[in-house]
Every structure is written in structure tokens, then in C-alpha cells.
Amino acid sequence: MSFRAAWSLVLRKGGLGMRGIHSPGGTAHGKEKMPPYTNYHAQRSYPMPDEPFCTELNAEQQALKEKEKGSWTQLSHAEKVALYRLQFHETFTEMNRRSNEWKTVMGCVFFFFGFTGLLIWWQRVYVFPKKPITLMDEWKAQQLQRILDMKSNPVQGLASRWDYERKEWKK
Amino acid sequence: MASSSLTKPQMRGLLAKRLRFHIVGAFFVSLGVAAFYKFAVAEPRKKAYADFYRTYDSIKDFEEMRKTGIFQSAK
């Protein structure tokens with residue numbers, strides 16, 4: 001319950017902060033609901049949402065909407081920008097801006113790698129059973145000797161690296 | 001619209017341009033990879049086998065193996 005309250009607080013803070021930073025005087029100041037709470041959602045793959053961004057317009061904005069119904073050559077540049085901002089939350093450039101999120105993601109990934117490492121270490125100490133006989137060093141040495149005796153992979157593989165005259169690995 | 005006119009962007013042939021770039025690139029990349037494999041892996045391997053078998057005495061090899069005691073049917 002408190003987690004959800006904290007999460008919506010993070011969303012609200014994040015949204016307000018972002019809007020302030022990226023558009024100094026750009027976005028229209030209608031009674032905009034926060035993005036998660038409207039039906040407006042635009043992304044690069046879905047650029048023309050069904051509903052406009054601002055649905056509650058003040059008198060000035062409504063007058064502009066009326067003017068839009070006439071000939072568009074009558075509109076000034078500033079009015080066109082204002083209409084755009086009513087319809088859309090962000091321009092493509094704004095929408096596609098890069099962020100530093102990847103650093104957070106990578107940091108969390110590495111953190112959990114480390115945490116998992118600790119867990120596995122604990123498991124190695126307290127959970128894993130005794131090593132089977134075939135993994136003991138003496139057994140492994142005898143196994144390797146047998147493989148070299150059989151001359152397995154003598155052309156490019158293991159036995160090709162062993163010097164049979166001097167009985168040591170080739171340099 | 002009285003704008004400071006930007007140049008009109010490329011409107012057509014975008015897919016064709018991308019395809020040409022990638023097809024040509026893919027051709028050369030695969031050619032390069034195949035050439036690399038041939039000269040870094042295949043040729044050295046052929047040489048290694050040729051060198052090995054040039055002076056290979058199978059009887060001597062067998063005798064060495066037999067002396068180590070790995071065979072069950074030839075002690």
C-alpha cells in the first residue's frame with residue numbers, strides 16, 4: 001500500500017520535474033492531467049494518439065480552436081505552435097531524447113550480480129555436498145595421464161601439446 | 001507559411017537506399033568472414049594434419065600406447 005503511494009509520488013515528481021526542464025515556455029498550460037492518467041500516449045511507433053493532449057481548454061484556447069476551423073493561412077506561427085502543443089505533449093525531438101537511464105540499469109544489474117555471487121558463496125559453504133571422488137586432484141591427474149597415454153587428439157588437440165620425449169607440456 | 005526555409009528532406013527511396021547499403025555490406029562482411037575463416041582456421045588445420053601424417057608411424061605409435069597399459073586386448 002505504502003509502496004504504491006511512494007511509486008505514484010515518484011511518478012508525479014518525475015513528471016513535473018521533466019516538464020519544467022525540457023520545455024521552458026513550450027508546453028501549453030491547460031489543466032493537463034499527468035500522462036499516466038489520461039488516454040494520451042504517444043511514442044515513436046504510435047505517434048498520433050486518438051485523443052489530444054489537452055482536453056480541458058480555457059477561453060483563450062477555445063477561441064484558438066474555433067479559429068483553427070477556418071483557413072489555416074490566417075493563423076500566425078505562434079498560434080500554430082500553440083495548437084500543436086494542445087494536441088501533442090512533446091515534439092518528436094523531445095520524445096526521443098536520450099537519458100541517463102542506462103547507467104541506473106547497468107548499476108542495478110551489476111549490483112544484483114554481486115548479490116547473487118554472495119548468495120552462491122554462502123551456498124558453497126553451507127549447502128553443497130562433498131566433492132565426488134572423480135573431482136579430487138589425484139583422480140584428475142590419473143585421468144589426464146590416461147588421456148595422454150591414449151594420445152587423444154594428437155594433431156591439434158590435447159596430446160599434440162604434450163612433449164612425449166621430455167614428459168612435459170610443450171612450450 | 002513564412003518560414004526560414006529548411007531544405008526539403010529526402011522523401012522517397014528510403015527503403016531502397018537502406019536495402020542497398022545493407023545488401024552490399026552484408027555481401028562484403030560475409031566474404032570477409034569466409035576469407036578470414038579459410039586463412040585462420042581451415043588452412044592451418046590442413047597443414048597440421050599434413051605435417052602430422054608425413055612422419056607418422058602407426059606401429060610405433062601403437063607400441064608406445066601398448067606399453068602404457070591402456071589396452072585390455074593387447075598387453
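Biologist: Okay, buried means under 20% relative accessible area, exposed over 50% and partly exposed in between, using a 1.4 Å probe on protein chains only. So is Lys151(A) buried or exposed?

Modeller: Lys151(A) is buried, because its relative accessibility is 13%. Keep in mind that this is a predicted model, where local features need pLDDT of at least 70, side-chain atom pairs need 80 or more, and totals for chains, interfaces and linings use all residues. Residues are numbered from 1 along each chain, chains are lettered from A and ligands numbered from 1 in written order, and side-chain values use heavy atoms, without hydrogens or water.

Biologist: Where does Lys151(A) lie?

Modeller: In the loop between helix 6 and strand 1 of chain A. Helices (H or I, at least four residues) and strands (E, at least two) are DSSP runs, numbered from the N terminus.

Biologist: And what is its phi?

Modeller: Lys151(A) has a positive phi of about 55°, though it isn't a glycine. Most residues other than glycine have a negative phi. Asn153(A) also has a positive phi, near 55°, and sits in the loop between helix 6 and strand 1 of chain A.

Biologist: Is Asn153(A) buried or exposed?

Modeller: Exposed, because its relative accessible area is 53%.

Biologist: New topic! Which residues lie nearest the centre of the second largest pocket?

Modeller: Lys151(A) again, with Tyr164(A), Glu165(A), Asp61(B) and Glu64(B), out of 22 lining residues. Helix 6 (137-149) and strand 1 (162-163) of chain A, plus helix 2 (58-68) of chain B, each give two or more residues to that lining.

Biologist: Which element gives the largest share?

Modeller: Helix 2 of chain B, with five residues.

Terms used: 1 Å grid on protein atoms, 1.4 Å probe; cavity = no way out; pocket = protein on both sides within 12 Å on 5 of 7 lines; lining within 4 Å.
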